[in-house]
Amino acid sequence: MSMSPKIVVVGCGISGICAARKLVQSGFTDVKILEATARGGGRIKTGRFGNSIIEIGANWIHGPSEENPVFCLARQYGLLDPEALNPENQAMDIKGHPPWVPNVFTSSGRKLNAEDVYPAQDMFVELLSDISDLHTQGGEPCPSVGEFIRSEVPQRVAERWKDDDATTRSLQMSAISNLLKAECCVNGTHSMDEVGLASYGLYKTLPGLDCTFPGGYEGLVKNLMSELPSDLVIFNKPVRCVHWTQSEPRENAVIVECDDGERFTADHVIVTVPLGYLKKHQATLFRPPLPLHKMHSVQRLGFGTNNKIFVEFDSPWWDAECDAIYLLWEDEDVLEQQRTDVHSSWIRKLFGFTVLKPTEKYGHVLCGWIAGHESEHMETLSEVEVTRAITQLVHQFTGNPTITPKRTLHSQWFHDPWTCGSYSYPAIGCSAQDLENMIEPLPTKGSQSRPLQVLFAGEATHPCYYSTVHGAILAGWREADRLISHYSKSKL
Ligand code: 6YU
């Protein structure tokens, strides 16, 4: 390409990296990534905890199989364990529910048999799959997933568990409350009452048994970035405003203004900032502002918080084969909207822990999961306060006051100024149209002398794989392809 168009990518997360890499590989020579922070990877962030490698952000490859670009790239770079490459693993269709071996503890310090809560788990999985069917049939009885579950559970309980005693029923209800908290983590939302019933089915799962990166998720980022020219990314360069134009002809259609006052001219800008950041800054990030329909979709789509708390122990208090620990509060046996005081009882929102495996590598490390406003409050506490809360929790649920964590470490995605939360979800009132509006480039319509000035990628712009790394990669490739096909048509 003799006269290569100037392309600026805003954000060096996986979506921006993949967009830039595809453009460079297709012969575009004038590509820059402007990144606010000092590192690439964004919400893919591997850290250290004692002697262990931990994932502060993205954890799994969801659905590792041929259609998943994370899986294909990771395999190509040799970043996966042999089991993950096993064809049987790829063929397993878990539909978003990994077959974890659970340990279940209750707030009175009892350890239950996993089978004790099977009825609640079965009912919950059935409710979620009924929601996806509702979506395909059309006609939703209520606006949110949470309300649907609350309205359905009493009927199903009355029918199904009519012969059970009050204590057994109460336990099943506590288990359903716990599963709702876990579902808040999966969806990155404060409450399932905020997740739209009609749009819940937009998310698609890929086949494959979820796997992790033994050397850390950031290995993927490092490999991809090593294929880019070394001066392509400019770090510590927050973008303040993208000046585009609806009519006025000028040589380079777009001017990207940075926080430090530096300006970059461009023919095309690919914006990959997180939806949380966009919600907070959209009024100032674009000049002229985004068209109303795009602005409304940015507001309507959901973006919540899901955080992790890593906890290390000297010895395990869970079974050797256990993958996940669930903590059931016996007094949460009524499915009403929980109105707990965030300050005093935030820890109740933690649904439990996943176990970091293999033990030979990680030692005895658990990863606690907590979503929503309680999680946002937790971010404001010191590590000492978080450790104290976890210690009390473990004492209460195990009934053993001698089990004490060695250390803890928690993520802080809500207070990260460049992310403002964890990932997107389809909130009440959202539809597929909102995701289409997110994707639509600027200027949005009419014949223009300067088309495709501002393009949008990032996790929250994928129509069915939003909230994932594979969704972010595919969205980055989509926008690179849009430019590639534009220039191949105009034969530049
Ligand atoms: C996945 C998983 N996973 C856990 C946690 C988190 C996320 N995800 P980026 O933010 O990366 O990049 C943007 C860049 O822009 C960034 O570097 C900024 O610094 C920069 N920037 C911002 N403003 C700027 C400015 N003004 N100027 C310049 N630069 C600026 N995904 O596949 N597996 O296990 C998890 C998880 C705690 C926080 C995850 C997971 C989400 C991914 O991490 C995320 O989508 C991508 O990394 C985003 O990449 P990006 O490039 O778009 O943005 C049934 C059903 C229900 C539906 N949901 C189920 C799905 C489950 C989702 N699961 C997630 C779970 C976990 C545990």
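Modeller: Let us begin with residue classes: Ala, Val, Leu, Ile, Met, Phe, Trp, Tyr, Cys and Pro count as nonpolar, Asp, Glu, Lys and Arg as charged, and the others, Gly among them, as polar. By these classes, the lining of the second largest pocket has 17 nonpolar, five polar and seven charged residues. This is a predicted model, in which local features need pLDDT of at least 70 and side-chain atom pairs count only at pLDDT 80 or more, while totals for chains, interfaces and linings use all residues. Residues are numbered from 1 along each chain as its sequence is written, and side-chain values use heavy atoms, with hydrogens and water left out.

Biologist: What makes a residue part of the lining of the second largest pocket, and which lie nearest its centre?

Modeller: On a 1 Å grid over the protein atoms alone, a pocket is an open set of points where a 1.4 Å probe fits, with protein on both sides within 12 Å along at least five of seven lines; a lining residue has an atom within 4 Å of a point. For the second largest pocket 29 residues line the space, and Trp60, Asp210, Cys211, Thr212 and Lys357 lie nearest its centre.

Biologist: Why is the second largest pocket said to lie between domain 1 and domain 2?

Modeller: Domain bounds come from an automatic or database domain assignment. Domain 1 (7-44 + 212-302 + 426-489) and domain 2 (97-204 + 306-410) both give residues to the lining, so the second largest pocket lies between them.

Biologist: Why is Leu80 called buried?

Modeller: Buried means under 20% relative accessible area, exposed over 50%, and partly exposed in between (1.4 Å probe, protein chains only). Leu80 has a relative accessible area of 12%, and is therefore buried. Leaving aside neighbours within four places in sequence, Leu80 is in contact (heavy atoms within 4.5 Å) with residues including Ile61, Phe71, Cys211 and Thr212.

Biologist: What makes β15 a largely enclosed strand?

Modeller: Strands (E, at least two residues) are DSSP runs, numbered from the N terminus, as are helices (H or I, at least four). Five of the five residues of β15 (residues 324-328) are buried, so this strand is largely enclosed by the rest of the structure. Ala324, Tyr326 and Leu328 point one way from β15, and Ile325 and Leu327 the other way.

Biologist: How do you know that β15 pairs with β5 and β16?

Modeller: Two strands pair if DSSP finds at least two bridges between them. Five bridges join β5 (residues 102-106) to β15, running parallel, and Phe105 stands opposite Leu327. Three bridges join β15 to β16, running antiparallel, with Ala324 opposite Thr354. Both pairs therefore meet the definition of at least two bridges.
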